Amino acid sequence: CARATAAMSASRPASEAMSLAARLRARLGRRLEWRLLAVFLAAALVPLAVSDWIATSVIGGIGQRLSHDRDSVAARAATRQVFDRLLLASTLLQTLDEAQPAERARLANRTVGTAATFAALACADGGDPAWAAMKARWDAARSGGAAPDAARPGVTLRLGTSAGAGGNADLLIATPRCIAILNPASVWEPVLESEDDSSWLVLADDGTRVLAWRGADSPPPGRGPSARIDSFSAHLFLASQFGAGNWVFRQAAPAPAVDWHGIPVVAWLLSVAAATLLLILLAAQWTIRRTLRPLAILAEGSRRLAAG
(Lines give C-alpha, C1' and ligand atoms only; values in the text may rest on other atoms or scores of the structure.)
Protein backbone atom coordinates (compact mmCIF):
# COMPACT_ATOMS: atom_id res chain seq x y z
CA CYS A 1 0.00 0.00 0.00
CA ALA A 2 2.85 2.33 0.87
CA ARG A 3 4.53 1.56 -2.47
CA ALA A 4 1.27 2.31 -4.36
CA THR A 5 0.88 5.59 -2.53
CA ALA A 6 4.44 6.57 -3.36
CA ALA A 7 3.95 5.67 -7.02
CA MET A 8 0.78 7.78 -7.21
CA SER A 9 2.51 10.73 -5.56
CA ALA A 10 5.39 10.42 -8.00
CA SER A 11 3.14 10.24 -11.06
CA ARG A 12 1.08 13.31 -10.03
CA PRO A 13 3.86 15.87 -10.72
CA ALA A 14 4.54 14.14 -14.03
CA SER A 15 0.90 14.45 -15.09
CA GLU A 16 0.77 18.06 -14.00
CA ALA A 17 3.89 18.77 -16.04
CA MET A 18 2.35 17.09 -19.07
CA SER A 19 -0.89 19.07 -18.71
CA LEU A 20 1.08 22.31 -18.39
CA ALA A 21 3.01 21.48 -21.53
CA ALA A 22 -0.23 20.72 -23.34
CA ARG A 23 -1.69 24.09 -22.33
CA LEU A 24 1.45 25.84 -23.48
CA ARG A 25 1.32 24.06 -26.84
CA ALA A 26 -2.36 24.97 -27.21
CA ARG A 27 -1.64 28.58 -26.38
CA LEU A 28 1.21 28.70 -28.85
CA GLY A 29 -1.03 27.12 -31.46
CA ARG A 30 -3.73 29.75 -30.85
CA ARG A 31 -1.12 32.48 -31.03
CA LEU A 32 -0.01 31.20 -34.40
CA GLU A 33 -3.62 31.00 -35.48
CA TRP A 34 -4.29 34.62 -34.48
CA ARG A 35 -1.12 35.78 -36.20
CA LEU A 36 -2.22 34.14 -39.41
CA LEU A 37 -5.68 35.70 -38.97
CA ALA A 38 -4.08 39.10 -38.51
CA VAL A 39 -2.11 38.61 -41.72
CA PHE A 40 -5.30 37.68 -43.61
CA LEU A 41 -7.19 40.68 -42.22
CA ALA A 42 -4.37 43.10 -42.99
CA ALA A 43 -4.14 41.75 -46.53
CA ALA A 44 -7.91 42.24 -46.98
CA LEU A 45 -8.23 45.54 -45.11
CA VAL A 46 -5.83 47.56 -47.27
CA PRO A 47 -7.52 46.92 -50.64
CA LEU A 48 -10.97 47.33 -49.05
CA ALA A 49 -10.03 50.71 -47.58
CA VAL A 50 -8.49 51.88 -50.85
CA SER A 51 -11.47 50.71 -52.94
CA ASP A 52 -13.98 52.34 -50.56
CA TRP A 53 -12.04 55.60 -50.63
CA ILE A 54 -11.91 55.57 -54.43
CA ALA A 55 -15.61 54.69 -54.71
CA THR A 56 -16.61 57.40 -52.24
CA SER A 57 -14.51 60.02 -54.02
CA VAL A 58 -15.78 59.08 -57.47
CA ILE A 59 -19.45 58.86 -56.48
CA GLY A 60 -19.28 62.08 -54.47
CA GLY A 61 -17.52 63.89 -57.29
CA ILE A 62 -20.05 62.72 -59.87
CA GLY A 63 -22.98 63.68 -57.63
CA GLN A 64 -21.56 67.11 -56.87
CA ARG A 65 -20.74 67.77 -60.53
CA LEU A 66 -24.25 66.81 -61.63
CA SER A 67 -25.77 68.94 -58.87
CA HIS A 68 -23.51 71.87 -59.76
CA ASP A 69 -24.48 71.67 -63.44
CA ARG A 70 -28.17 71.43 -62.55
CA ASP A 71 -28.06 74.39 -60.15
CA SER A 72 -26.00 76.43 -62.58
CA VAL A 73 -28.58 75.86 -65.31
CA ALA A 74 -31.34 76.75 -62.83
CA ALA A 75 -29.56 80.00 -61.91
CA ARG A 76 -29.25 81.01 -65.57
CA ALA A 77 -32.89 80.06 -66.17
CA ALA A 78 -34.02 82.24 -63.26
CA THR A 79 -31.97 85.12 -64.66
CA ARG A 80 -33.61 84.79 -68.07
CA GLN A 81 -37.06 84.65 -66.48
CA VAL A 82 -36.37 87.88 -64.60
CA PHE A 83 -35.28 89.49 -67.86
CA ASP A 84 -38.47 88.28 -69.58
CA ARG A 85 -40.53 89.90 -66.83
CA LEU A 86 -38.66 93.16 -67.28
CA LEU A 87 -39.38 93.02 -71.02
CA LEU A 88 -43.06 92.36 -70.31
CA ALA A 89 -43.20 95.35 -67.96
CA SER A 90 -41.48 97.47 -70.61
CA THR A 91 -44.05 96.48 -73.23
CA LEU A 92 -46.94 97.21 -70.87
CA LEU A 93 -45.57 100.63 -69.95
CA GLN A 94 -45.07 101.56 -73.60
CA THR A 95 -48.66 100.55 -74.27
CA LEU A 96 -49.84 102.74 -71.39
CA ASP A 97 -47.67 105.62 -72.61
CA GLU A 98 -49.22 105.50 -76.09
CA ALA A 99 -52.82 105.02 -74.92
CA GLN A 100 -55.38 107.75 -74.51
CA PRO A 101 -56.15 108.86 -70.94
CA ALA A 102 -59.41 106.91 -70.75
CA GLU A 103 -57.90 103.74 -72.15
CA ARG A 104 -54.84 104.25 -69.95
CA ALA A 105 -56.98 104.38 -66.83
CA ARG A 106 -58.69 101.14 -67.81
CA LEU A 107 -55.36 99.40 -68.44
CA ALA A 108 -53.88 100.77 -65.23
CA ASN A 109 -56.61 99.07 -63.20
CA ARG A 110 -55.42 95.74 -64.57
CA THR A 111 -51.66 96.27 -64.35
CA VAL A 112 -51.29 98.11 -61.03
CA GLY A 113 -51.74 96.35 -57.70
CA THR A 114 -50.19 93.95 -55.21
CA ALA A 115 -50.62 90.99 -57.57
CA ALA A 116 -50.00 92.86 -60.84
CA THR A 117 -46.94 93.92 -62.82
CA PHE A 118 -46.68 97.44 -61.38
CA ALA A 119 -46.81 98.49 -57.74
CA ALA A 120 -47.39 102.14 -58.67
CA LEU A 121 -47.90 104.15 -61.86
CA ALA A 122 -48.08 107.82 -62.76
CA CYS A 123 -48.20 109.69 -66.07
CA ALA A 124 -47.44 113.34 -66.86
CA ASP A 125 -50.61 114.08 -68.84
CA GLY A 126 -54.13 113.66 -67.52
CA GLY A 127 -53.56 115.61 -64.29
CA ASP A 128 -52.27 112.62 -62.30
CA PRO A 129 -51.73 113.84 -58.69
CA ALA A 130 -49.02 111.22 -58.08
CA TRP A 131 -46.86 112.45 -60.93
CA ALA A 132 -44.82 114.98 -58.92
CA ALA A 133 -43.88 112.47 -56.22
CA MET A 134 -43.11 109.80 -58.79
CA LYS A 135 -40.96 112.20 -60.81
CA ALA A 136 -39.02 113.11 -57.67
CA ARG A 137 -38.34 109.44 -56.94
CA TRP A 138 -37.21 108.93 -60.52
CA ASP A 139 -34.79 111.85 -60.37
CA ALA A 140 -33.31 110.51 -57.13
CA ALA A 141 -32.86 107.00 -58.57
CA ARG A 142 -29.72 105.86 -60.37
CA SER A 143 -29.06 103.54 -63.28
CA GLY A 144 -26.70 101.25 -61.37
CA GLY A 145 -24.04 101.50 -64.06
CA ALA A 146 -20.39 102.12 -63.29
CA ALA A 147 -20.13 104.60 -66.18
CA PRO A 148 -22.35 107.64 -66.90
CA ASP A 149 -25.67 106.94 -68.56
CA ALA A 150 -25.42 106.34 -72.30
CA ALA A 151 -28.05 107.12 -74.88
CA ARG A 152 -31.34 106.05 -73.37
CA PRO A 153 -33.74 103.70 -75.14
CA GLY A 154 -37.52 104.07 -75.21
CA VAL A 155 -37.91 102.48 -71.75
CA THR A 156 -35.35 103.24 -69.06
CA LEU A 157 -34.70 101.33 -65.85
CA ARG A 158 -33.37 102.83 -62.64
CA LEU A 159 -32.77 101.66 -59.08
CA GLY A 160 -34.52 103.57 -56.33
CA THR A 161 -34.21 103.52 -52.56
CA SER A 162 -36.73 101.16 -51.02
CA ALA A 163 -38.80 102.24 -48.06
CA GLY A 164 -39.11 98.65 -46.83
CA ALA A 165 -37.03 96.94 -44.17
CA GLY A 166 -35.48 94.47 -46.62
CA GLY A 167 -33.05 96.99 -48.08
CA ASN A 168 -33.64 95.84 -51.67
CA ALA A 169 -33.74 98.48 -54.37
CA ASP A 170 -36.99 99.61 -55.97
CA LEU A 171 -37.12 99.02 -59.72
CA LEU A 172 -38.41 102.05 -61.61
CA ILE A 173 -39.01 102.12 -65.35
CA ALA A 174 -39.99 105.15 -67.37
CA THR A 175 -41.13 106.19 -70.81
CA PRO A 176 -41.29 109.80 -72.01
CA ARG A 177 -44.70 110.30 -70.34
CA CYS A 178 -45.09 107.57 -67.67
CA ILE A 179 -43.12 106.24 -64.69
CA ALA A 180 -43.87 102.98 -62.90
CA ILE A 181 -42.50 101.03 -59.95
CA LEU A 182 -42.29 97.33 -60.64
CA ASN A 183 -43.94 94.89 -58.28
CA PRO A 184 -41.09 92.96 -56.57
CA ALA A 185 -43.22 89.85 -56.14
CA SER A 186 -43.78 89.73 -59.88
CA VAL A 187 -40.24 90.52 -61.03
CA TRP A 188 -38.42 88.30 -58.53
CA GLU A 189 -40.85 85.38 -58.56
CA PRO A 190 -38.33 83.01 -60.25
CA VAL A 191 -35.83 83.77 -57.48
CA LEU A 192 -38.33 83.61 -54.63
CA GLU A 193 -39.46 80.16 -55.79
CA SER A 194 -35.96 78.71 -55.47
CA GLU A 195 -35.01 76.02 -52.97
CA ASP A 196 -35.43 77.01 -49.33
CA ASP A 197 -31.81 76.16 -48.53
CA SER A 198 -30.40 78.57 -51.12
CA SER A 199 -29.66 82.29 -51.01
CA TRP A 200 -29.48 84.93 -53.75
CA LEU A 201 -27.64 88.21 -54.13
CA VAL A 202 -28.15 90.51 -57.13
CA LEU A 203 -25.70 93.38 -57.61
CA ALA A 204 -25.49 96.17 -60.18
CA ASP A 205 -22.32 97.27 -61.94
CA ASP A 206 -21.71 100.03 -59.41
CA GLY A 207 -22.10 97.64 -56.45
CA THR A 208 -25.68 98.61 -55.61
CA ARG A 209 -27.58 95.78 -54.00
CA VAL A 210 -30.60 95.10 -56.16
CA LEU A 211 -31.87 92.06 -54.27
CA ALA A 212 -30.80 89.95 -51.31
CA TRP A 213 -32.92 86.91 -50.53
CA ARG A 214 -32.31 83.99 -48.21
CA GLY A 215 -34.44 80.86 -48.01
CA ALA A 216 -36.01 79.66 -44.79
CA ASP A 217 -33.55 76.75 -44.47
CA SER A 218 -30.48 78.64 -45.67
CA PRO A 219 -27.81 78.98 -42.94
CA PRO A 220 -26.90 82.53 -41.94
CA PRO A 221 -23.46 83.74 -43.08
CA GLY A 222 -20.70 82.57 -40.76
CA ARG A 223 -23.02 80.46 -38.63
CA GLY A 224 -23.92 77.68 -41.01
CA PRO A 225 -22.99 74.02 -40.81
CA SER A 226 -19.64 72.70 -41.91
CA ALA A 227 -21.12 71.43 -45.20
CA ARG A 228 -19.55 72.79 -48.35
CA ILE A 229 -21.42 75.63 -50.08
CA ASP A 230 -21.64 75.77 -53.88
CA SER A 231 -21.86 79.18 -55.57
CA PHE A 232 -23.28 80.00 -59.00
CA SER A 233 -23.37 83.26 -60.92
CA ALA A 234 -25.16 84.55 -64.00
CA HIS A 235 -25.07 87.92 -65.72
CA LEU A 236 -27.99 89.99 -66.95
CA PHE A 237 -27.08 92.64 -69.52
CA LEU A 238 -29.43 95.62 -69.37
CA ALA A 239 -27.43 98.46 -70.92
CA SER A 240 -28.71 98.11 -74.48
CA GLN A 241 -32.32 97.34 -73.61
CA PHE A 242 -32.93 99.61 -70.61
CA GLY A 243 -29.94 101.98 -70.45
CA ALA A 244 -29.06 100.65 -67.00
CA GLY A 245 -26.09 98.96 -65.42
CA ASN A 246 -25.78 95.21 -65.85
CA TRP A 247 -26.68 92.85 -63.00
CA VAL A 248 -24.92 89.81 -61.69
CA PHE A 249 -26.95 87.07 -59.98
CA ARG A 250 -25.16 85.04 -57.30
CA GLN A 251 -26.75 81.95 -55.84
CA ALA A 252 -25.34 79.93 -52.94
CA ALA A 253 -26.60 76.49 -51.90
CA PRO A 254 -25.15 73.68 -49.78
CA ALA A 255 -23.58 70.81 -51.65
CA PRO A 256 -25.99 67.85 -51.75
CA ALA A 257 -25.29 64.68 -49.80
CA VAL A 258 -24.93 61.54 -51.91
CA ASP A 259 -27.18 58.88 -50.38
CA TRP A 260 -29.21 55.81 -51.26
CA HIS A 261 -32.59 55.11 -49.63
CA GLY A 262 -31.94 58.00 -47.27
CA ILE A 263 -28.62 56.60 -46.01
CA PRO A 264 -25.27 58.13 -47.08
CA VAL A 265 -23.28 56.10 -49.55
CA VAL A 266 -20.31 56.18 -47.17
CA ALA A 267 -22.37 54.30 -44.56
CA TRP A 268 -23.33 51.68 -47.16
CA LEU A 269 -19.71 51.20 -48.19
CA LEU A 270 -18.55 50.90 -44.58
CA SER A 271 -21.26 48.35 -43.86
CA VAL A 272 -20.28 46.27 -46.89
CA ALA A 273 -16.61 46.49 -45.90
CA ALA A 274 -17.37 45.38 -42.33
CA ALA A 275 -19.45 42.42 -43.58
CA THR A 276 -16.67 41.48 -46.01
CA LEU A 277 -14.06 41.56 -43.25
CA LEU A 278 -16.27 39.41 -41.02
CA LEU A 279 -16.70 36.80 -43.76
CA ILE A 280 -12.95 36.84 -44.43
CA LEU A 281 -12.27 36.38 -40.70
CA LEU A 282 -14.61 33.39 -40.38
CA ALA A 283 -13.37 31.74 -43.57
CA ALA A 284 -9.72 32.33 -42.67
CA GLN A 285 -10.18 30.96 -39.15
CA TRP A 286 -11.87 27.80 -40.45
CA THR A 287 -9.16 27.32 -43.09
CA ILE A 288 -6.30 27.89 -40.64
CA ARG A 289 -7.68 25.48 -38.07
CA ARG A 290 -8.28 22.86 -40.75
CA THR A 291 -4.74 23.31 -42.03
CA LEU A 292 -3.09 23.26 -38.61
CA ARG A 293 -4.99 20.23 -37.32
CA PRO A 294 -2.87 17.56 -39.17
CA LEU A 295 0.29 19.34 -38.07
CA ALA A 296 -0.88 19.28 -34.47
CA ILE A 297 -1.64 15.55 -34.72
CA LEU A 298 1.80 14.83 -36.16
CA ALA A 299 3.49 16.91 -33.48
CA GLU A 300 1.55 15.11 -30.75
CA GLY A 301 2.49 11.72 -32.20
CA SER A 302 6.12 12.70 -32.37
CA ARG A 303 6.08 13.75 -28.74
CA ARG A 304 4.50 10.45 -27.70
CA LEU A 305 7.11 8.45 -29.61
CA ALA A 306 9.85 10.48 -28.02
CA ALA A 307 8.34 9.91 -24.58
CA GLY A 308 8.33 6.12 -25.17
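# A cavity, a sheet and a helix

Author: Let us start inside this predicted model, where the largest cavity has a volume of about 40 Å³.

Reader: And how many cavities of 30 Å³ or more turn up in the whole structure?

Author: A search through the whole structure finds one cavity of that volume, 30 Å³ or more.

Reader: Which residues line the largest cavity?

Author: The lining of the largest cavity is made by Ala-169, Asp-170, Leu-171, Leu-182, Pro-184 and Trp-188.

Reader: Okay, let me turn to the sheet: in what order do its four strands come?

Author: The sheet is an open one, with its four strands in the order E1-E4-E3-E2 and with antiparallel pairing. Strand E1, residues 118-123, and strand E2, residues 156-160, stand at the edges with a single partner strand each, so one side of each has no neighbour in the sheet. From one strand to the next, the twist averages 20°.

Reader: How many bridges join E2 to E3?

Author: Five bridges join E2 to strand E3, which covers residues 170-174, and the two strands run antiparallel.

Reader: What stands opposite Leu-159 there?

Author: Opposite Leu-159 stands Leu-171, in E3, and Leu-171 is also one of the residues that line the largest cavity.

Reader: Which helix lies across E1, E2, E3 and E4?

Author: That is helix H3, residues 131-140, which lies across E1, E2, E3 and strand E4 (178-182) and runs at about 70° to E4.

Reader: Which residues of H3 are buried?

Author: In H3, Trp-131, Met-134 and Trp-138 are buried. These residues cover an arc of only 65° around the axis, and therefore they sit on the same side of H3. The buried residues of H3 pack against E1, E2, E3 and E4.

Reader: Changing topic, what volume does the second largest pocket have?

Author: The second largest pocket has a volume of about 320 Å³. Its lining is made up of 18 residues, and those lying nearest the centre of the pocket are Asp-71, Ala-74, Ser-194, Glu-195 and Gln-251.

Reader: Where does the largest share of that lining come from?

Author: The largest share of the lining of the second largest pocket comes from H1, which gives eight residues. Helix H1 (2-98) and strand E8 (247-254) each supply at least two residues of this lining.

Notes:
Residues numbered from 1 in each chain as written. Predicted model: local features only at pLDDT ≥ 70, side-chain atom pairs only at ≥ 80, totals over all residues. Heavy atoms only, no water. Pairing = 2+ DSSP bridges. Axes fitted to C-alpha atoms, helices over the stretch in contact; angles between N-to-C directions. Contact = heavy atoms within 4.5 Å. Buried < 20%, exposed > 50% of the residue type's maximum accessible area, 1.4 Å probe, protein only. Arc of directions from axis to C-beta. 1 Å grid on protein atoms, 1.4 Å probe; cavity = no way out; pocket = protein on both sides within 12 Å on 5 of 7 lines; lining within 4 Å. Points joined across faces, edges and corners; volume = space filled by probe spheres on them.
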